[in-house]
Amino acid sequence: MKPISERFSSMKLSTAILAVLILWFVWGILLSNSDTYLPGFRMMNSDLVPAWFETPEALSQILKIWFAGLCFIMLGLAVNLVFCSWTRMIGILRNRLVKPRVFMLIIHVVFGLVALGHLASFLLGYRYENVRLQQGETFSLPDGYALTVEDVHFADDPGVLKKPPRQLGPDEYHPQMNFVAAVLKQKGSQVTDGRISFLHPLTHKDIQASLKRFTPPKGGENRKDGARKPGVMLIISKNPVKSLVFVLFPMMIAGIGIYMGMTWRLRHF
């Protein structure tokens with residue numbers, strides 16, 4: 001009978017868990033394509049995990065089962081990862097630091113840290129989705145922070161904002177020309193300012209304000225009055241582990257590339 005460490009670290013178990021994980025994600029995709037469960041998935045994407053359970057009826061029973069199953073599968077993958085790393089550590093010590101095994105151990109450890117970082121990003125910090133602001137308005141954040149929209153620069157015709165984003169042509173909307181000038185303050189003192197535009201958020205430490213889209217002007221399309229400029233819809237979030245994940249993920253990819261180079265063998269047929 002195989003030792004427990006060998007059974008929990010086997011490639012067969014890893015493959016089986018990954019196969020179940022893929023099937024679980026396929027089930028999630030099918031659920032998200034249903035009008036019944038799509039609102040629940042949108043809520044899960046826009047809020048952190050603690051907010052999911054503030055309103056018990058916000059998630060249906062099926063989505064709760066799906067999420068619980070996902071956590072259980074990831075727990076199994078984590079157990080497999082720990083035992084696999086442990087057995088490889090034993091092998092490294094016995095074989096006097098064989099380089100390929102060292103790199104594979106590093107890859108396992110970094111992958112585990114990346115997974116923990118993603119888990120932490122679902123639990124820590126905050127996330128405010130669909131924050132609607134007009135020029136001159138302020139949105140208050142925890143820890144005394146506040147984000148103020150000082151100016152909305154929209155070079156295109158505001159009338160195009162009444163169309164769905166997917167229907168906008170390249171001659172109607174120019175993302176690189178439209179931006180928001182914003183200021184982030186903490187307890188009344190400015191900590192940073194800058195432009196928020198498509199794919200260019202305003203960041204300060206772990207806080208990030210991203211542009212989701214512009215909204216039609218209030219009371220008409222006359223842009224002479226600042227109050228009638230287009231508004232904005234922002235996503236404001238704080239992710240304490242974002243920088244760690246961004247550093248570790250490229251390290252993991254580089255480690256896999258180095259391992260493949262070290263173990264590559266040319267076969268002659």
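**Exercises: aromatic rings in a predicted model**

**Exercise 1.** Decide how exposed Phe8 is.

Solution. Phe8 has a relative accessibility of 36%. Buried means under 20% relative accessible area, exposed over 50%, and partly exposed in between (1.4 Å probe, protein chains only). Phe8 therefore counts as partly exposed.

Before going on, note that this is a predicted model, where local features need pLDDT of at least 70, side-chain atom pairs count only at pLDDT 80 or more, and totals for chains, interfaces and linings use all residues. Residues are numbered from 1 along each chain as its sequence is written, and side-chain values use heavy atoms, leaving out hydrogens and water.

**Exercise 2.** Find out how many aromatic pairs there are, and classify the pair of Phe8 and Phe83.

Solution. Rings of Phe, Tyr and Trp (its six-membered ring) pair if their centres lie within 6.5 Å; planes under 30 degrees apart count as stacked, over 60 as edge-to-face and the rest as tilted. This rule gives 7 aromatic pairs. For Phe8 and Phe83, the ring centres are 5.2 Å apart and the planes stand at 25°, so the pair is stacked.

Next, locate the partners. Helices (H or I, at least four residues) are DSSP runs, numbered from the N terminus. Phe8 lies in helix α1 (residues 4–8) and Phe83 in helix α5 (residues 61–94), so the pair ties together parts 75 residues apart in sequence. Phe83, at 27% relative accessibility, counts as partly exposed.

**Exercise 3.** Classify the pair of Phe41 and Trp66.

Solution. Their ring centres are 5.5 Å apart with planes at 70°, so the pair is edge-to-face. Phe41 belongs to helix α3 (residues 38–46) and Trp66 to helix α5, 25 residues apart. Both Phe41 and Trp66 are buried.

Key. Helix = DSSP H or I, 4+ residues; strand = E, 2+ residues; numbered from the N terminus.
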